[in-house]
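Please read the points below alongside the display.

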Amino acid sequence: MLETLEHVDPAFRADVLNGLAEPIPAIPARWLYDRRGSELFDEITRLPAYYPTRTETGMLEERMPEIARLIAPACAVVEFGAGSATKTPILLRAVQPKAYVPVDISGDYLRESAEVVDRDFPGLAVHPVEADFTRDMQLPKEIDGMSRLGFFPGSTIGNFVPQSATDLLRHFRTTLGTGAKLLIGMDRVKGVERLIAAYDDPEGVTAEFNLNLLRRINRELNADIPIEAFRHQARWNDMLGRIEMHLVAIRDVEFAIEEARFVFRAGQSIHTENSHKYGPRGARLLLLAGGWTPLAEWTDDDEDFALILAEA
Ligand code: AVI
């Protein structure tokens, strides 16, 4: 029988083995996004309880003429992330840049979405960059000298703890240069019930998204974690202003990952994601600490989500 051995990312292995050995076990959220994880996240964005994507897209549609007036003239749009099939075209149609630079670590996904933009926007130069945007990176020389707009939608900034979020914003500033602008989406603080529902939906898609991390560990790292011994939990951490996703052991459980053995007591958890929520002051302060001066801010009628335009 022919077995296909999946390529093991050494960084994944190190993050899982080190993270589970910590006094408070935790695995960085970026490992939630294998192919299945990305499909499940896509499904999450369409759930009735998950308001951020719907709200931000609606705001982009409604407020774009006004946003575009403040952005002009942006010759190059640099998107941190591969670009969403719905949000990116709204921005590109309104801003009409000369160049579009999506930056993403996942080459396949990046190329697929860049091809769609290339097809739908004839005359726009598309320069995809396969890179981890949290690390040092080089923008294509074709956009040298062009005025730049960074685009970071989806409240992805919320998945970084404030210290890393500030580092990331500073890094965007260095990458884009002085005088650049940044359009960023940030989820607002709101009632705990709605937040919990958004991260623990009745359909169970977010639970599946979280548990998929254990399936990935079993498959890629030759582990034997009994998936049914863990359950998904979304917690609101009021002190730190964030939703946390955990995988909680529902009974005492022992498992092996390669040669390492782990024991979890019932009730112990693996912390898998943070999603920080910001009030208006907090959001602006974060941008300022990251080297960006807020210029304008838009929210929906319920003030669930904010889009902020800032300048370097
Ligand atoms: C990608 N990120 C902005 C999502 C969020 O809302 O923090 C990830 C997510 N996790 C569970 N649901 C959505």
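A polar contact is a pair of N or O atoms within 3.5 Å; within protein, one of the two must be able to donate a hydrogen and the other to accept it, and residues adjacent in sequence count only if both atoms are side-chain atoms. The model is predicted: local features need pLDDT of at least 70, side-chain atom pairs count only at pLDDT 80 or more, and totals for chains, interfaces and linings use all residues. Residues are numbered from 1 along each chain as its sequence is written, and side-chain values use heavy atoms, with hydrogens and water left out.

**The annotated span**

- The unreviewed UniProt entry annotates residues 12-311 as "domain: Histidine-specific methyltransferase SAM-dependent"; UniProt positions are given in the numbering used here, feature names are shortened, and annotations may be inferred rather than shown by experiment.
- Residues 12-311 are 38% helix and 25% strand, and the end C-alpha atoms of this span lie 35 Å apart.
- Helices (H or I, at least four residues) and strands (E, at least two) are DSSP runs, numbered from the N terminus.

**Surroundings of the ligand**

- The ligand is surrounded by 14 residues, of which Y50, N159, Y199, E273 and S275 are the closest; a residue is near a molecule or strand if one of its heavy atoms lies within 4 Å of it.
- The side chain of Y50 has an N or O atom 2.5 Å from an oxygen atom of the ligand.
- For Y199, a polar side-chain atom lies 2.5 Å from an oxygen atom of the ligand.

**Residue N159**

- N159 belongs to the loop between strand 5 (148-152) and helix 6 (162-176).
- With a relative accessible area of 28%, N159 is partly exposed, because buried means under 20%, exposed over 50%, and partly exposed in between (1.4 Å probe, protein chains only).
- Apart from neighbours within four places in sequence, N159 is in contact with E273, N274 and S275, where contact means heavy atoms within 4.5 Å.
- The side chain of N159 also reaches the backbone oxygen of N274, at 2.9 Å.

- Strand 7 and strand 8 are joined by eight antiparallel bridges, and A234 stands opposite M245 in strand 8.
- These two strands form a hairpin with four residues between them, and G241 in the turn has a positive phi of about 60°.
- Strand 8 (residues 242-249) pairs with strand 11 over seven bridges, in the antiparallel sense; here V248 stands opposite S269 in strand 11.
- The covered face of strand 7 holds F230, H232, A234 and W236, whereas R231, Q233, R235 and N237 are on the uncovered face.

**Residue E244 in strand 8**

- E244 lies in strand 8 and is buried, with a relative accessible area of 8%.
- The side chain of E244 makes polar contacts with the side chain of N237 (2.8 Å) and with that of R242 (3.0 Å).
- Not counting residues up to four places away in sequence, E244 touches several residues, including Q233, A234, H271 and E273.

Note on methods: Pairing = 2+ DSSP bridges.
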